[in-house]
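Subject: A structure for you to look through

Hello,

Here is the structure I promised you. Please open it and keep it beside this email while you read my notes.

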Amino acid sequence: MKRRTVIIAPAILAATFWGGMTFAQDKVLRFATWNTSPESIAINQAIVTKFEEANPGVKVQVELYGDGFDDKLTAAMGAGNPPDLMYMWNYPAYYQSLMPLDDMIARDAAELNLADIPSGLMNGGLIDGKTYGMPVGFTTHVIFYNKDLLAAAGVAEPQAGWTWADLRAAAATLSKPDEQIFGFAVDAKPDPFDFEEFFWSNGAQYISDDGKVLDGVMNSPEAAEVLDMFGDMIKTGEAVALNIGDQTSGSDLFKAGKLAMMEGAMWNKGGIDESGVNYGVAVLPAFGDKPVKSTINASGISIAKDTADPDLAWAFVKFFSTPEAVALRTNDLPIRTSVAESSGMMADPKLAPFFAMLAVADGTVPSFLKNPEWGRIQENLSLAIEATMIDQGNAKAHLDEAVSASARFLK
Amino acid sequence: MADAVTARRPSRRRRGAGITPWLFISPWILGFVCFTLGPLIFSLTMSFYDWPVVGERTFVGADNYRTMLTEDPQFWHSLGVTVKFAAIFVPLNIAVSFLLAVLLNTKVRGTAFFRTAFYLPSVISGVALVTIWSWIYSQRYGLLNYLLGQSGTEGVNWLGDPGWAVVAIVVASLWGLGGTMLILLAGLQSIPKELYEAARMSGVPPWAQAIHITLPMLSPMLLFTFITSIISAFQQLTIALLLTEGGPLGSTYFFAMYIYETAFRFHDMGYAAAMSWVMFVIILALSLLVMRSSSAWVHYEGEMKGKGGTDG
């Protein structure tokens, strides 16, 4: 009995050790993502699975950081243990820990077919002349509108080239406060990154091009005009104010059929599709005859600077940019023009406005790229926007406050 | 000669316990050094550096502290908000806990059930608590405004009005008074009944009994809960972070939240560490102040004030 144990036990140990070693032979790539919705997680996993099938012996470990993406990524980088691959949009904050990709892009330029990717999207990952990420998806902003509510109120559907005056007139007709139905929604605490599109559309911006001047820029008459317009919409009841003590979102109201028109992006579309609302999509309205601009939210994929296997990580990044992988990502817009055309997206009336907004969105640079202290300045700007929405006006005074409170960050 | 060789050394057992006690306490000491003392010293070091999460770390000496105290209006604003919150929360916390403890101390049926019911909210996780309160406080659909509407008054925008948001957070924080209540209840139950009997027989009215018997006998517990309430008020973070996100208009932007955002939003670890140490100094100063004043109002059982005891 004892003899058998002496033989069997080491044999089992050896077998598990051997088996463990075989598993350890698999090369592991850690990939951090920010997806929270089940569909986007599934899409991501589908691409990862395809890559693993094409590359036996490689395991891609998807790490779902979800809403805590920045916190977890910061903690991982601070501990010197960042994931090999990660989604990325905030290049200024993280580029020092990322690997520049220019050499690899140049080497594999033919394979990547860079002409198929709009340059505006490639430039999203450019810091100080070096590229730190390959684009994986993007969205622009549009207006979602409830066709049934518009028809019931006798309001014509928005056409390309419409203005804020048109939207306000429609919202005034559509708002029925006693039935808790609203024409439009104004967010008192918007993401300033997205909100800047309204400033751009009125010929204003948050900070000067060289990132050094706020006074006269952030509180210019055009800027105050934008905020005053939104404040006035709340005052007259054309729009409902969101995020003042309430955490109901615009898309919740839209999906419930309580909101006639809403500014949104691709991340709203999936939920709205599911809700069954009969909706249409229109481009953003313009301020008079000034050219309308939209924010481009481009996400990219980056490689950590000190990753163990740069070539394998780059192989994954290249795979993510192939037309097949791009076509799988149905939760945002394709970075490749060929995929957009071949899939018929550009002809779809619910998607065409997104591409229309991309076509006119050049010449604008997001503020967070212009000044390293923008994060702190943005806090004061957010306060000014919130104050104007609560005050339902008085934008210039609040913007002046934001400018003076931010002066110490410009030094 | 033979004596010197055969002289016996004293037995080990008699000399002392040796290394054994150290081995027994080493797990705790190791944990303390690795997880408490070590990070404490590390954060103190960090506070003298410009320490971004990603990038170069440069030594700046006392610059963080200087900036904080002279150039940062947000520091004073957050401190002001926190002090205002503490000023409302601490007295309310102690008063309501005391009231509930007195009620639970009565000889009525069902005190066990109510004790559990009052203690339960304090063990709920902060996130669940915030979710419940955000439903209660919602201006349009909330329970509180509905009940107020039923009784005739118009409900305010609890979380959206800069004036009311701090009050809303105070009330939500009061749900955590279960622990304080239990401590005071234990204190109440440990007061000797003979004192009350003697007072009743001497014809002392109930309110005087409360002032001259209950409060002095309870004062050590009150001191403890006072200090712990101050500490937890200054460290308030979860509720503000989740319920109001520091808004509206920064009216609930607590100091702990400013530290959190400086560290994890603006990635400025050195500055956040400096602010944490300033918070530590402030809380320490307040606690010492309370301890100092305690000799005037805290009465420990067995202690004799002034002349007494064996002296004539």
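The centres of domain 1 and domain 2 of chain A, taken over C-alpha atoms, are 29 Å apart. Domain 1 covers 25–138 + 297–360 and domain 2 covers 142–295 + 372–409, with bounds that come from an automatic or database domain assignment. Please keep in mind that this is a predicted model, in which local features need pLDDT of at least 70 and side-chain atom pairs count only at pLDDT 80 or more, while totals for chains, interfaces and linings use all residues. Residues are numbered from 1 along each chain as its sequence is written, and chains are lettered from A and ligands numbered from 1 in the order in which they are written.

Where do the two domains meet? In chain A, 13 residues of domain 1 are in contact with 14 residues of domain 2 (two residues are in contact if their C-beta atoms, placed from the backbone, lie within 7 Å). Helix α17 (residues 352–360) of chain A gives the largest share of domain 1's side, 5 residues. Helices here are DSSP runs of H or I with at least four residues, strands are runs of E with at least two, and both are numbered from the N terminus. By type, that side of domain 1 divides into 7 nonpolar, 3 polar and 3 charged residues. For this count, Ala, Val, Leu, Ile, Met, Phe, Trp, Tyr, Cys and Pro are nonpolar, Asp, Glu, Lys and Arg are charged, and the others, Gly among them, are polar.

Now to the sheet in chain A. Five strands form an open sheet in the order β2-β1-β3-β12-β6, and the pairing is mixed. Two strands pair if DSSP finds at least two bridges between them. As background, strands of a sheet pair through backbone hydrogen bonds, either parallel or antiparallel. At the edges stand β2 (58–64) and β6 of chain A, each with a single partner strand, so one side of each has no neighbour in the sheet. On average, neighbouring strands are turned by 20° against each other, direction ignored.

Going through the pairs, β1 (residues 27–33) of chain A runs parallel to β3(A) over 2 bridges, and A:Phe31 stands opposite A:Leu85 in β3(A). Strand β3 (residues 85–88) of chain A is antiparallel to β12(A), with 4 bridges; here A:Met88 stands opposite A:Gly300 in β12(A). Strand β6 (residues 134–139) of chain A is also joined to β12(A) in the antiparallel sense, by 5 bridges, and A:Phe138 stands opposite A:Ala298.

Is β12(A) enclosed or in the open? In this strand (residues 297–303), 7 of the 7 residues are buried, so it is largely enclosed by the rest of the structure. A residue is buried if 20 or more other C-beta atoms lie within 10 Å of its own, exposed if 12 or fewer, and partly exposed in between, with C-beta atoms placed from the backbone. A:Asn297, A:Ser299, A:Ile301 and A:Ile303 are buried on one side of β12(A), and A:Ala298, A:Gly300 and A:Ser302 on the other.

Next, how do the chains touch? 20 residues of chain A are in contact with 22 residues of chain B. On chain A's side, α18(A) gives the most, with 6 residues. That side divides into 8 nonpolar, 7 polar and 5 charged residues.

Chain B has 15 helices and 2 strands. Its radius of gyration, taken over C-alpha atoms, is 27 Å. Buried residues make up 28% of the chain.

Helix α14 (residues 255–264) has 8 of its 10 residues buried, so it is largely enclosed. Those buried residues pack against α5 (73–104), α12 (206–234), α13 (238–244) and α15 (269–297) of chain B.

Happy exploring, and write back with any questions!

Definitions and conventions: Rg over C-alpha atoms; globule rule 2.2 N^0.38 Å. Axes fitted to C-alpha atoms, helices over the stretch in contact; angles between N-to-C directions.
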